[in-house]
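Dear colleague,

Please find below the structure that I am handing over to you.

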Amino acid sequence: MFGALLSRVREIRPHIHCITNYVTANDCANILLASGGSPIMADSPEESAEITALCDGLLLNTGTLNPDKLSAMRKSGKTANLLHHPVILDPVGAGASQFRTESIRILLQEIQFSAIRANLSEIKALFCDAKNSHGVDAMSSDNITEENLPDMIRLIKNIADRQNCVIAVTGQIDIIADQNQAFCIHNGCSMMKSVTGAGCQLSALTAAFITANPDQILESAAAAVCTMGVCGEIALEHLESYEGNASFRNKIIDSVYRLDSEILEQKANYQIF
Amino acid sequence: MFGALLSRVREIRPHIHCITNYVTANDCANILLASGGSPIMADSPEESAEITALCDGLLLNTGTLNPDKLSAMRKSGKTANLLHHPVILDPVGAGASQFRTESIRILLQEIQFSAIRANLSEIKALFCDAKNSHGVDAMSSDNITEENLPDMIRLIKNIADRQNCVIAVTGQIDIIADQNQAFCIHNGCSMMKSVTGAGCQLSALTAAFITANPDQILESAAAAVCTMGVCGEIALEHLESYEGNASFRNKIIDSVYRLDSEILEQKANYQIF
Amino acid sequence: MFGALLSRVREIRPHIHCITNYVTANDCANILLASGGSPIMADSPEESAEITALCDGLLLNTGTLNPDKLSAMRKSGKTANLLHHPVILDPVGAGASQFRTESIRILLQEIQFSAIRANLSEIKALFCDAKNSHGVDAMSSDNITEENLPDMIRLIKNIADRQNCVIAVTGQIDIIADQNQAFCIHNGCSMMKSVTGAGCQLSALTAAFITANPDQILESAAAAVCTMGVCGEIALEHLESYEGNASFRNKIIDSVYRLDSEILEQKANYQIF
């Protein structure tokens, strides 16, 4: 199934409008191109709604947020909703500041998202009244493990139900759920935490998959998460002993570029609950 | 001829003030350094004119444009004109929004450019009243092929005449023309479309070549386009079967760093009309 | 000694709030992760003080400065001082424009820095009333060589004394000094000048080392400079003959990721005055 969803990205070549942070924008653009999608970055309120209308899907990533970017996101989000384009949220840094959290809450109120891709600390800060004291990374206590998996699945399904959208939480194990069903994905490797914006890149991939497959939002989000994990594994296999996180970053994007559907199917390691 | 122009970039080491987008700024800076140039990125209206005056040439790239950046561009463009520094325009996303198109029209009215480097969709949106519905990439119908080459050469020469500057349009075949003469360049490879900001990087190279060779603007723009194409070909030769667009991006910049004048002359594949 | 300071970075994993430029933010984030630190980029005045309070150390880098970023820096700097977090300044482009120079002077007045990492042109522009006419790079006349080393050491110690902080000046030879003592470091290689933001990356490393070792600020700054130089040397050893500055950039970050304390100790090449 994931293979067919990837093939569809390559066939459709969805144009994704990204309103995103400047730290990882280049990597997000290159991973979108690697997947078969086409990125357009534009974050000025003067033009954001028009750019959204030109594209097929919208990604809102709240890294390096500021009031202008927020204003662009609100305009673009509403336009995308009107046009029935998928909208994906990556609430980077939710809980790290009042401005960040409140801005994201405004987005959640005004825009209907197709999917939210985040780490567990961000999800808890937004939906469980927890305090996120680690900025953009998940707190070590906020991990998804075999032990807490049943509780976590219940929690994520519950949030998905309340938000009426797919929630993709990534960590040691990834949970991608709507109110009824959850994919638990066991791909990836711990070195991915050493690449800045691996989460941002995954959110960009998620936008490409969902936009190319708008009738299978849950499966597409799961396929994107699985693709990122599988490509992390392939990248690690190709890493020389003297290479580190910069080469690893490039090799993950390279692996997305080279990934074919059969390999994705073969390497996908997930359960459905 | 192209070899001598490249040698001059390495000898002069021109300082290029870049007012550009945040998505590809790092790649533009590194490709400028690879060519022998020296980049300075600064986009605040508070200082842009002063920075321009410190440098030897100016590059205006309209990706991720906003009103502040536009204001900086206007001040810097006028300063560069007063000081007789070359000014190069990359009208990224022309036609994609009213704000983007109108901003670029203001730049075209207020600033005399030495060269404009763009794709065909952007050129048509600016100079042929066409609608660009593909954002930052050229529409597939907007390609330069053997079939339409004579028409395209006539069109580009005509625009160059009206704008009184060199126009460099890149696509499957690249046309670089002033009102009298056109270079048609057949270097490069299709994988370059998978690298975000390959066009931005080329525009940065173009600024370096023209600034180092201000008396040969047409030939310098053609040399820059040819350099990018040749380096794309060399990068492809060095690409392993498991490598993709991220490694390819690095290898293009690496190839510019290593390119010597003789290799450029040998591999250059162009006609003059 | 440097080895123990590096080990401490990996043990503590300091969170560094970076208010920095968009050209090199991605590289700064990845080199921080490579060192064992954890980057958080946030530059909006709406949230910068809160983000600073979440973190362990603060880096202010004045590349692509604008009034909003300056405002965020002032708020964050004051917060960091109140909380006794180390604050590191990289005065990119000091002397290149009135706005840049005056903004940095405001930062110097309002904030007590633990260390300032810069090139000699920037240091002279700020503390010796010299005019920096080269933008972000050091002027060729502003180099530290065996000939002028004693004078330079005296100058840097004097500035360190007046500013009551460590000054790290990088060039052919690097000088890191407080009012009493200077480390002169002979590591590194000239190709590092071909990597955009090598200085920015070093400043990020410096923030990580100092934040993890707040009682050894001088030694930590020296260890960071030495780490960058050693990793430049290791990267050069791994560079293929067809590779250039883009691959070199990645290999420097990779080498930081792989560097172990013994290798750092072995390769460190410095004198203390």
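Two residues are taken to be in contact if their C-beta atoms, placed from the backbone, lie within 7 Å. On that basis, among contacts in chain A between residues at least 6 apart in sequence, 74% join residues at least 24 apart.

This is a predicted model, in which local features need pLDDT of at least 70 and side-chain atom pairs count only at pLDDT 80 or more, while totals for chains, interfaces and linings use all residues. Residues are numbered from 1 along each chain as its sequence is written, and chains are lettered from A and ligands numbered from 1 in the order in which they are written.

Chain A contains eleven helices and nine strands; these are DSSP runs numbered from the N terminus, with helices being H or I of at least four residues and strands E of at least two. Its C-alpha trace spans about 45 × 40 × 35 Å along the principal axes. Of the 273 residues of chain A, 67% count as buried, that is, 20 or more other C-beta atoms lie within 10 Å of the residue's own, with C-beta atoms placed from the backbone.

Turning to the interface, 28 residues of chain A are in contact with 28 residues of chain B. On the chain A side, two or more residues each come from α2 (25-35), β2 (38-41), α3 (48-54) and α10 (245-258). By class, that side has 14 nonpolar, eight polar and six charged residues, where Ala, Val, Leu, Ile, Met, Phe, Trp, Tyr, Cys and Pro count as nonpolar, Asp, Glu, Lys and Arg as charged, and the others, Gly among them, as polar.

As to symmetry, chain C is superposed on chain A by a rotation of 120° with 0.0 Å of shift along its axis (RMSD 0.0 Å). The two copies are therefore related as by a three-fold rotation axis. Superposition is by least squares on the C-alpha atoms of residues with pLDDT of at least 70 in both copies. In chain C, the C-alpha nearest the axis belongs to C:Tyr22, 3.4 Å from it. The copies use different surfaces, as 11% of the contact residues of chain C recur in chain A.

With kind regards

Terms used
A residue is buried if 20 or more other C-beta atoms lie within 10 Å of its own, exposed if 12 or fewer, and partly exposed in between; C-beta atoms are placed from the backbone.
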